[in-house]
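Biologist: I would like to go through this model and ask what stands behind the terms used for it.

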Amino acid sequence: MISRKPCPPTHPHQDENGSLSHLPAGSRAQAHVHAGHESAVAVISGQVDVWYGDRLREHVLMRKGDCLYIPANVPHIPVNRGTMPMVALMARTDPREQESVRLIDLPGHLGEIGAIPIAAAT
């Protein structure tokens, strides 16, 4: 299960497994799974819709200060339908995290999201 809780007021520490992620306004990532490892997201600025879980049926809108824990093997897709770029601190349990990303098809019920451009990876 994904949990959404407010982040502590201090800036999170970034170590070798942390990175900043940028998602421009009006863009999205591809739907995907991080096979075998967990992820944590802390939104620094902007907002992002995240669909997750079985067939991406669960949804949360994250804003500045929100944190999200994504367990291993949970499908998810971030979408920035806002008017400002979203910046988040990402931390994963696998330092080679891009090697274990598996892309998944966008389910039919999220068809309108398919028209939103996919952002370049940052």
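Modeller: Start with burial: a residue is buried when its relative accessible area is under 20%, exposed when that area is over 50%, and partly exposed in between (1.4 Å probe, protein chains only). The model is predicted, so local features need pLDDT of at least 70 and side-chain atom pairs count only at pLDDT 80 or more, while totals for chains, interfaces and linings use all residues. Residues are numbered from 1 along each chain as its sequence is written, and side-chain values use heavy atoms, with hydrogens and water left out.

Biologist: Why is H76 called buried?

Modeller: H76 has a relative accessible area of 5%. The limit for buried is under 20%, so H76 counts as buried.

Biologist: Which residues is H76 in contact with, and what does contact mean?

Modeller: Contact means heavy atoms within 4.5 Å. Apart from neighbours within four places in sequence, H76 is in contact with Q30, A31, H32, H34, V50, W51, Y52, L56 and I70. A polar atom of the H76 side chain also lies 2.8 Å from the backbone oxygen of V74. A polar contact is a pair of N or O atoms within 3.5 Å; within protein, one must be able to donate a hydrogen and the other to accept it, and residues adjacent in sequence count only if both atoms are side-chain atoms.

Biologist: Where is H76 found, and what makes a stretch a strand?

Modeller: H76 is found in strand 9. Strands (E, at least two residues) and helices (H or I, at least four) are DSSP runs, numbered from the N terminus. By that rule the protein has 0 helices and 11 strands.

Biologist: How do you know that strand 6 and strand 9 pair?

Modeller: Two strands pair if DSSP finds at least two bridges between them. Strand 6 (residues 47–52) is joined to strand 9 (residues 76–80) by 4 bridges, so the two pair, in the antiparallel sense. Here Y52 stands opposite H76. Strand 6 also pairs with strand 7 (residues 58–63), antiparallel and over 6 bridges, and the partner of W51 there is H59. The hairpin of strand 6 and strand 7 has 5 residues between the strands, and in this hairpin G53 takes a positive phi near 85 degrees.

Biologist: What makes strand 6 largely enclosed by the rest of the structure?

Modeller: Of its 6 residues, 5 are buried, so strand 6 is largely enclosed.

Biologist: Which other pairings involve strand 5?

Modeller: Strand 5 runs antiparallel to strand 8, with 4 bridges, and A42 stands opposite C67. Strand 5 is also antiparallel to strand 10, with 6 bridges; S39 stands opposite R92.

Biologist: What makes a set of residues a nonpolar core?

Modeller: The set must consist of buried Ala, Val, Leu, Ile, Met, Phe, Trp, Tyr and Cys residues joined through side-chain atoms within 4.5 Å. The largest such core has 15 residues, of which V41, V48, V50, V60, M62, L68 and M86 touch the most other members. Two or more residues each come from strand 5 (39–45), strand 6, strand 7, strand 8 (66–70) and strand 10 (86–92). A second, separate core has 8 residues, including A31, L56, V79 and L110.

Biologist: Why is the contact between R81 and D49 called a salt bridge?

Modeller: A salt bridge requires a side-chain nitrogen of Lys or Arg within 4 Å of a carboxyl oxygen of Asp or Glu. For R81 and D49 the distance is 3.1 Å, N to O, so the pair qualifies. A search of the whole structure finds 1 salt bridge. R81 lies in the loop between strand 9 and strand 10 and D49 in strand 6, so the pair ties together parts 32 residues apart in sequence.

Biologist: Are R81 and D49 buried or partly exposed?

Modeller: R81, at 48%, is partly exposed, and D49, at 4%, is buried.

Biologist: Which stretch has a pLDDT below 50?

Modeller: pLDDT is the predictor's confidence in each residue, from 0 to 100. The protein has a mean of 84, and 79% of its residues reach 70 or more. Residues 7–17 are below 50, and this stretch has 14 contacts in the model beyond near neighbours in sequence. Where pLDDT is low, the predicted coordinates should not be read in detail.
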